[in-house]
Amino acid sequence: MILVTGGAGYIGSHAVLELLLAGEEVLVLDNLCNSSKTALDRVAQLSGRAPQFIKGDVRNRALLQALFASYPIRAVMHFAGLKAVGESVREPLRYYETNVSGSITLCQAMAEAGVFRLVFSSSATVYGESPVMPITEDRPTGTPTNPYGQSKLMAENVLKGLAESDPRWSIGLLRYFNPIGAHESGLIGEDPNGVPNNLLPYMLQVAVGRRKQLSVYGADYPTPDGTGIRDYIHVVDLVKGHLKALDRLEQVRGVSVWNLGTGKGHSVREMITAFEEVTGRPLPHVIKPRRAGDIAQCWSEPGKAWAELGWRAEKDLVTMLADAWRWQSRNPHGYAEPQENTATSSAPLSTALAS
Ligand code: NAD
Ligand code: UFG
């Protein structure tokens with residue numbers, strides 16, 4: 001059985017689906033602070049099998065101990081965390097507590113239970129502003145400009161030190177570039193709380209009429225069209241990389257770092273043009289000053305994941321946008337709409353131990 005922390009969230013729910021489709025048993029631990037259990041109900045609908053679900057906090061050591069004692073967990077995918085950059089500037093302690101202390105508590109409970117295989121959600125933000133593109137894993141980490149980025153870098157360093165201290169650990173640090181898109185069914189996708197920070201969720205909410213227009217943050221970057229360039233990757237490709245990493249960690253010990261990206265960059269203007277083609281409607285937008293802390297460009301060299309995991313991203317930008325649009329147009333208010341199908345089984349421990 002695989003423990004998936006944060007498994008009700010955007011990336012976690014897609015990972016749970018892929019694990020179930022691969023025949024794995026899955027236990028989800030999520031406090032639902034930024035997600036809905038409906039996502040897991042829909043995962044059950046898609047896979048024909050329900051993951052076990054515990055509503056609880058990854059910082060709750062007693063709960064984790066009880067989970068490892070009660071379920072035959074052999075590895076962990078650790079998605080649980082907070083990810084809003086602006087919020088992290090206003091509430092740094094909450095970010096360090098969840099993203100760093102939460103990871104430490106999880107590792108303590110894992111070690112106690114004799115479980116040493118961990119896949120960790122890291123971010124390209126740990127590279128800081130790299131002068132060289134594309135970014136390879138051996139680039140030195142930089143200085144993230146906000147507490148969110150710092151918390152990911154700190155968690156990476158904690159995990160590296162842990163693996164150096166005890167050779168039983170196999171840890172994969174997966175550095176995501178820009179995950180977008182949704183499962184092709186349109187049943188699960190990204191459902192941000194409040195005003196979206198990220199480009200595509202904002203574009204989608206403009207397209208369904210929830211927001212007036214997109215602000216393009218900067219058209220004076222040293223890029224071909226002046227707007228920021230990023231490496232957008234389909235969330236289903238991304239989570240497939242996690243399954244490959246999980247397999248690989250059976251064979252290698254210590255810490256392994258893999259970039260999960262496509263190796264291709266797209267500018268904000270290119271994103272707008274492609275999005276308008278996919279949706280068949282114009283996307284109102286206005287050029288605004290640069291957003292504080294943004295870098296001009298960032299894209300991956302994903303060759304290490306191909307060489308070591310046999311994984312590479314397969315879905316192109318049009319597929320990413322079409323899948324995201326299917327999700328958003330069928331669920332204009334995300335998971336807020338009431339759902340009748342509630343197939344997910346809540347494990348009895350959830351009532352006894354959840355905090
Ligand atoms: P998300 O917010 O949709 O998912 C995170 C999940 O963790 C949510 O379901 C939330 O309820 C849960 N959670 C948060 N704190 C918790 C806690 N203390 N205990 C238990 N559950 C908790 O975000 P996501 O986009 O799916 O991101 C998943 C992971 O990937 C995060 O660690 C994030 O930092 C990392 N990441 C995301 C991106 C991105 O662009 N989405 C990029 C790089 C890295
Ligand atoms: N952008 C806009 N308007 C918006 C939102 C974004 O023009 O409303 C632009 C940004 O300036 C940037 C590009 O669109 O050029 C992408 O911005 P996102 O906010 O979607 O993504 P970022 O690359 O800034 O950040 C994301 C995650 C971070 C993570 C980072 C690296 O939000 O958590 O990728 O992995 F750290």
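An unreviewed UniProt entry annotates residues 2-261 as "domain: NAD-dependent epimerase/dehydratase"; UniProt positions are given in the numbering used here, feature names are shortened, and annotations may be inferred rather than shown by experiment. In the predicted model, this span is 39% helix and 19% strand, and its end C-alpha atoms lie 24 Å apart. Helices (H or I, at least four residues) and strands (E, at least two) are DSSP runs, numbered from the N terminus.

Residues are numbered from 1 along each chain as its sequence is written, while chains are lettered from A and ligands numbered from 1 in the order in which they are written. Because this is a predicted model, local features need pLDDT of at least 70 and side-chain atom pairs count only at pLDDT 80 or more, whereas totals for chains, interfaces and linings use all residues; side-chain values use heavy atoms, with hydrogens and water left out.

Ligand 1 is surrounded by 27 residues, the closest being I11, D30, N34, S35 and K83; a residue is near a molecule or strand if one of its heavy atoms lies within 4 Å of it. Strand 5 gives the most to this shell, with three residues. Helix 1, strand 5 (117-123) and helix 6 (147-165) each supply at least two. By type, the shell around ligand 1 holds eleven nonpolar, eleven polar and five charged residues. Here Ala, Val, Leu, Ile, Met, Phe, Trp, Tyr, Cys and Pro count as nonpolar, Asp, Glu, Lys and Arg as charged, and the others, Gly among them, as polar.

Which atoms of D30 and K83 approach an oxygen atom of ligand 1? In D30, a side-chain N or O atom is 2.6 Å from an oxygen atom of the ligand; in K83, a side-chain N or O atom is 2.8 Å from an oxygen atom of ligand 1. N31 uses its backbone, with an N or O atom 3.2 Å from a nitrogen atom of ligand 1. Taken alone, ligand 1 exposes 820 Å², and the protein buries 95% of that; accessible areas come from the Shrake-Rupley method with a 1.4 Å probe, and for residues, only the protein chains shown count as cover.

Around ligand 2 there are 20 residues, of which N198, S215, R230, R291 and D294 come nearest. The shell divides into ten nonpolar, seven polar and three charged residues, and strand 8 (residues 214-217) gives the most to it, with four. L199 places a backbone N or O atom 2.9 Å from an oxygen atom of ligand 2. The protein buries 89% of the 680 Å² that ligand 2 exposes when taken alone.

Elsewhere, E24 is found in the loop between helix 1 (10-21) and strand 2 (26-30). Its C-alpha is 6.4 Å from that of M1, 23 residues away in sequence. Not counting residues up to four places away in sequence, E24 touches I2, L19, R49 and R74, a contact being heavy atoms within 4.5 Å.

Finally, confidence. The pLDDT, the predictor's confidence in each residue from 0 to 100, averages 94 over the protein, and 95% of the residues score at least 70. Where pLDDT is low, the predicted coordinates should not be read in detail.

How values were computed:
Polar contact = N/O pair within 3.5 Å; in protein donor to acceptor, adjacent residues only side chain to side chain.
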